[in-house]
Amino acid sequence: MEDGLAGNHISGILQDKKGFIWIAGTALQRYDGEHFLTITNFDRLPGSMYYEDIALFEDRLGRIWIGTPDNIRMYDPVTASVRAVPIEEGLLFAGNVGCHAILQDRNGVIWTTTRAGLLMLDSNTNKFRKAPGIPDSIRSQLNSAILEDHEGRLWLSGANSLYLYSANRKEVYSAHHNPARLTALNVRQSIKKLYQDSRHRIWMASRGSKELFAWHPDNNFLRSYHFKGQENDSDQVYDISEDLQGRIWTAMREKGLYRHNDARDTFDLNIPGNNADPLGLHFNYESNCLLHDRDGHLWVGTDRGINMMSLHNQSFTRLDYRRGFPDSEVTGIYRAANGDAYIGYWGKGFVWLRPNLQLQQHFTYQPGGRGGIPEARGQVWSFAGLRNGRILIGQENGFISEFDPSTRRFRHFQPKGLFDQTVLTIAPEKDSVIWLGIYKHGLARWDPQQNTVENYPQLLQFIQRNTSVMAVVPQADSVLWLASTSGGLLRFHKKSGLVKKQVMFRHHNDTVRNITSLLRYNDSLLVAGTDHGIFFYNLRSDTWEAQDINGEHFDEWILSMHRAAEGEAIWFTTPYGFYRLNGKNRTFSAFVQNDDIIDNHRRVRRNIAILENGHLLVGASDHAVSFSPLHLQEKPAPPDVTIVEMRVMNQLVNTDSVVGSQRAIVLPHDRNFISISFKSLQYHNENARYYYKLEGVDADWLPAESLLIARYTDLSPGRYTFRVKSMNTAGIFSRNTTFVNIVIQPAFWQTWWFRALCILLLLGLIYAYFRFRLYLVKKEAKNRAAFREELAQLEMKALRAQMNPHFIFNALNSIQTFMMKNQTEQALAYLSRFARLIRNVLDTSQLNNISITRECSMLENYLELEKLRLDNKFDYTITVDPQLDSDFVEIPAMVLQPFVENAIWHGLLHMEDRGLLNIAFIKENGRIHVTVTDNGIGRDAATSIKQFSHPTHVSRGLQITKDRLQIYNSRFNLDASFDIEDLQNGTGKAAGTRVNLWFPLQED
């Protein structure tokens, strides 16, 4: 239960045609190799458990039928729902169905055996009813096993006899009515289980005598088998199944499992329960049910959960603790010249085996190394043989032992130059020269006769990091090729002690530095195993080539390699098993192998050895395995990929009814974010690669990464086909490509009729636009003419307002006064300024904008004339912000003069003291701010004086200026404005007037 089962008591196991495993215990669960999905619960009361059998069956539509003591249920994968299937009224009481078995015959009819006897599903009413054509006295007792044979006949178990229902469903045969004299009908007992094997034999597990019967239809021979149970009683057969090799297996109540030997016609293999053995069959009282899955595994449902056995190839010899070998991880394997084999272990020393794999002796740590190894942790990593037949054993902490098999004595060494590190590889050159690969310290040369070590720190300096040497391959007499864990492939010159060449392989954009194993393939090629596959290095051309599989890089961690006994093949291991690289064509062969080899996720180098008899000896996690290459079965194609789940906008969508068919999943336009999870349902650690594509989006197949999910977002409306396939490590693809069609419906605005309507509407809008545009052009022409006329009138008004007759009259009188007083120079100066002012006004009256410089010049002329005429009654200043380029920045023409005139005549004229007028041009917030400030009597006092002296005079200067600014703003898209501010002193009395004018900043 700790692994996800709803309960430990398993009553039924089924594998559906997709590959899912269905498990019936206290609940029905679906298993995909990683996760359990609970479909429905069987508990009748909280905490209660079923110990009765649960019947499981899959029909042609992929529906799962569940027969329980309470009722009959059906799981529909299309709706992902479970419903109880009703039984015709009057046959059974609710909760007392007692369903024993369910099947669907070749005609598609669903049959079941219950406490009410044999029932048949009525396709019209969807209810179970009495089976027709069988007398009720017989039918009512058919409440146990049921089977349809290869001829379409139904075999049915009664209370104390066996019945045969003809294929046309018109005749019922029994021991009393047996015209064909079938010996099988002579079984006068209740049958718990009926099974037909691939040879058409009918196997019958009886209840009374607890015999197992086998009926042979070819010769009408009935054979019985007895299984001894406890206390001299017979053991009961609970279930029967056939493996991929055609062998019959039985699940027993007490004695575990039995396997039938066809050659001897006897059950000669018994696997009893052994709860103390981690690899044993675990159950307390009974083994209930069997399943041989499509990959060859045997599933055994017991009262302690599920046991899973690998039955792929029984020619494998497992060397583990049950044969007296250490129960520890294998770290090294070696075959000596005399055929003996040596296996090193993590923490358990090493074992010495004869060529027939008979365990000769186990050597572990002994204090001082007497009769064992001196390394206290007992960790052995490497072996090598000397010419005199002695064996070198590399250990941790810098220990090397020399073992003499003839005397069984040891010599031990711990040279100082090994830095107390692990000896990973030993390569003897001669008795006095042994090359050692040291953990993190590269290469060392050891002389066992003198027990001296020569180190090569320049090797580490060359690659600028610590490295371990995993393999040493000589070339001629002067060169060694080194497989390093962080420096790639190194060419080492023995005499100089220098690295002459470094070869770094590439995988995509990454540099492959970790060389795990190295072989001399032929005179010109080295084969390097790495953490990213296999590479071939050409010694002559200094080039390398990566091993591909179906055009893609073979990206697997290579643990160890070994040349095959014959030809140019290479055996190699990965974390997922062992494989063969075949000769010059460089293709892969993968083999059916037990799960106990596919367990090397620690990525420990365990080596391969070829024994004298040609068998391979391969290291696994806590044992070694020996087998004959001749008996290996090449691995078939992986199972077709199953669509495990599809989600749309993160909501689950059922695909069972459309996968592999031309029907499609239809989705609206706003549900176009999909994710599809997939898996090739295999129930062992098989490494598979997956490739998928969505036709209509992906141009080519995409490799799936660690997460087996394809995600697509914002799909456009249209029809798509999602395809997925798997490939095993030998490059074999699944037989069929799994596919599902998907249709994204367009929104109404994406349909052709909506687009046509939009085109018509657009044409109408274009026509209306041109008609309206023509109307606006005509209207604008009329408005432009009216505007020009109004502007001309306003300009004339402004000109008249600015140069009013009163000013001209006063100016001429002033000139006359100067002349009568013989003040000729003042008169000429006044007349000169008056002429310039008249000329400036006439010049600018036709312009829309003038520069600040010209405006200031015109204002200065005007102010000087007024100042002369009023006898210097006021002073004035004109200032321009340095940030303004007065020669190029422009403002509207003839706008400031009326405000200046008002300041003089209504503010400064009536003052007793000398007045001051200030005109300032300021750049502020990207605009031109013009202020006209006087310190006169203020607007209120000026209004009173005006009403007293000229009550009938109406001034239009300011209104004309406001109208001109509005017209300018409208015509030239400007933003000019003004406001008038009354100034007061500290006591609240009038202290003058300020006019603020705002113009957009424009440069000529």
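**View 1. A cluster of aromatic rings in the predicted model.** Ring pairs join Tyr334, Tyr342, Phe350, Trp352, Phe363, Phe383, Phe403 and Phe410 into a cluster, as seen in a model that is predicted. A search of the whole structure finds 51 aromatic pairs, and two of these are shown in the views that follow.

**View 2. The pair of Trp203 and Phe267.** The ring centres of Trp203 and Phe267 lie 6.1 Å apart and the planes meet at 80°, so this pair is edge-to-face, given that planes over 60 degrees apart are counted in that way. Because Trp203 belongs to strand 18 (residues 202-206) and Phe267 to strand 24 (residues 266-271), the pair ties together parts of the sequence that are 64 residues apart. Trp203 and Phe267 are both buried.

**View 3. The pair of Tyr342 and Phe403.** Tyr342 and Phe403 also form an edge-to-face aromatic pair, with 6.4 Å from centre to centre and 75° between the planes. Tyr342 is found in strand 30 (residues 341-345) and Phe403 in strand 35 (residues 400-404), so the pair ties together parts that are 61 residues apart in sequence. Tyr342 is buried, with a relative accessible area of 1%, and Phe403 likewise counts as buried, at 0% relative accessibility. Both residues belong to the cluster shown in the opening view.

**View 4. Charged ends over aromatic rings.** The charged end of Arg30 sits over the ring of Phe20, at 3.9 Å from the ring centre. In another such arrangement, the charged end of Arg169 sits over the ring of Tyr165, and here the distance from the ring centre is 5.7 Å.

Technical notes:
Residues numbered from 1 in each chain as written. Predicted model: local features only at pLDDT ≥ 70, side-chain atom pairs only at ≥ 80, totals over all residues. Heavy atoms only, no water. Phe/Tyr/Trp six-rings, centres within 6.5 Å; stacked < 30°, edge-to-face > 60°. Helix = DSSP H or I, 4+ residues; strand = E, 2+ residues; numbered from the N terminus. Buried < 20%, exposed > 50% of the residue type's maximum accessible area, 1.4 Å probe, protein only. Lys NZ or Arg CZ within 6 Å of the ring centre and 35° of its normal.
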